[in-house]
Amino acid sequence: MQKNGIIIFTDGSSRGNPGPGGWGTVIISDDQVTELGGREGRTTNNRMELMAVLGALTSLPVNVECTIVTDSKYVLEGMTKWVHGWQKRNWMTADKKPVANQDIWRALLEAGEGKKISWHRVDGHQGVGGNERCDVIATSFADDAPAVLYKGSLEKHALSKTILKYTHAVRTPGDKLSKTEKGSKSKKAYSYLSVVNGVAMRHFSWPECEKRVKGARGAKYKKSFSAEDEKVILEGWGTTL
């Protein structure tokens, strides 16, 4: 694990905007995994996305290198681009309005001092194990039924075989989709997967999958392109068919 440094997955969720919310993070360092989570009774999705990152950074010592993997463009763009302009304008936006969530943005800057941070974004609900686990943690806290948080060896973690397989879905600041990635949207599906109330199902057409997940609270769905891809997605969700 040393060669990968510290890998941090984060995600946030809110039931309503505003509404009860939760955040989750998975920190992988030196072959050890630490999961963290938290809840607010009335909040927004953006605040929970930010709190997930803050929870991770404040748990780390100074002078470390880490990679933060988020599915939030708001978080990534904010920390790599917008925040510097906000500081120069005394925490006002370009159209002279107070920056939303500036209390957390300020705390993030302070928590990041002395740390070398690389920022990456992945698409949510796309079978990235670490991201999917953070989603489970965040939504469980939002529902006031917290998941059991794991702390121990990577080897014994339920997603040990797939949790670090995220680079295929990574977007770094300024990245553009490759021709292969652009073409994936039209690539023929092997199956469509869904999870509703913790029960996974395989579908062989999108309308069938859509019918099951539409309107279902906390539902997840994903198109797979092979049996192996299907396996990775299900492992990322922590479920089986």
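1. Glu 77 is buried, at 12% relative accessible area. Buried here means under 20% relative accessible area, exposed means over 50%, and partly exposed lies in between (1.4 Å probe, protein chains only). Lys 81 is partly exposed at 45%. The side chains of Glu 77 and Lys 81 form a salt bridge, 3.2 Å from N to O. A salt bridge is a side-chain nitrogen of Lys or Arg within 4 Å of a carboxyl oxygen of Asp or Glu. Both residues sit in helix α2 (residues 73-88), four residues apart, so about one helical turn separates them. Helices (H or I, at least four residues) and strands (E, at least two) are DSSP runs, numbered from the N terminus.

2. On provenance: this is a predicted model, in which local features need pLDDT of at least 70, side-chain atom pairs count only at pLDDT 80 or more, and totals for chains, interfaces and linings use all residues. Residues are numbered from 1 along each chain as its sequence is written, and side-chain values use heavy atoms, with hydrogens and water left out.

3. How many salt bridges does the rule give? The count is nine. One of them joins Asp 123 and Arg 121, at 3.4 Å from N to O. Asp 123 is partly exposed at 29%. Arg 121 is partly exposed too, at 22%.

4. Lys 220 and Asp 135 form another salt bridge, with the closest N and O atoms 3.3 Å apart. Lys 220 is in strand β9 (residues 220-224) and Asp 135 in helix α4 (residues 129-142), so the pair ties together parts 85 residues apart in sequence. Lys 220 is buried at 9%. Asp 135 is buried at 7%. Separately, salt bridges with shared partners join Arg 15, Asp 143 and Arg 217 into one network.

5. Along with Val 136, Thr 139 and Trp 237, they are the lining residues nearest its centre, out of 28. The pocket holds about 620 Å³ of space. Pockets are found on a 1 Å grid over the protein atoms alone: a pocket is an open set of points with protein on both sides within 12 Å along at least five of seven lines, a cavity is a set where a 1.4 Å probe fits but cannot get out, and lining residues have an atom within 4 Å of a point. Points are joined across faces, edges and corners, and a volume is the space filled by probe spheres set on the points. At least two lining residues each come from β1, α4, β7 (191-196) and α7 (227-237). Helix α4 gives the most, with five.

6. The open sheet has six strands in the order β5-β4-β1-β2-β3-β6, with mixed pairing. Two strands pair if DSSP finds at least two bridges between them. Neighbouring strands are turned by 20 degrees against each other on average, direction ignored. Axes are lines fitted to C-alpha atoms, for helices over the stretch in contact, and angles run from 0 to 180 degrees between N-to-C directions.

7. Strands β2 and β3 pair antiparallel over 10 bridges. Trp 23 has Gly 38 in β3 as its bridge partner. Two residues lie between the strands of this hairpin, where Asp 30 takes a positive phi near 50 degrees. On β6, strand β3 (residues 32-43) pairs antiparallel over three bridges. Gln 32 stands opposite Ser 153 there.
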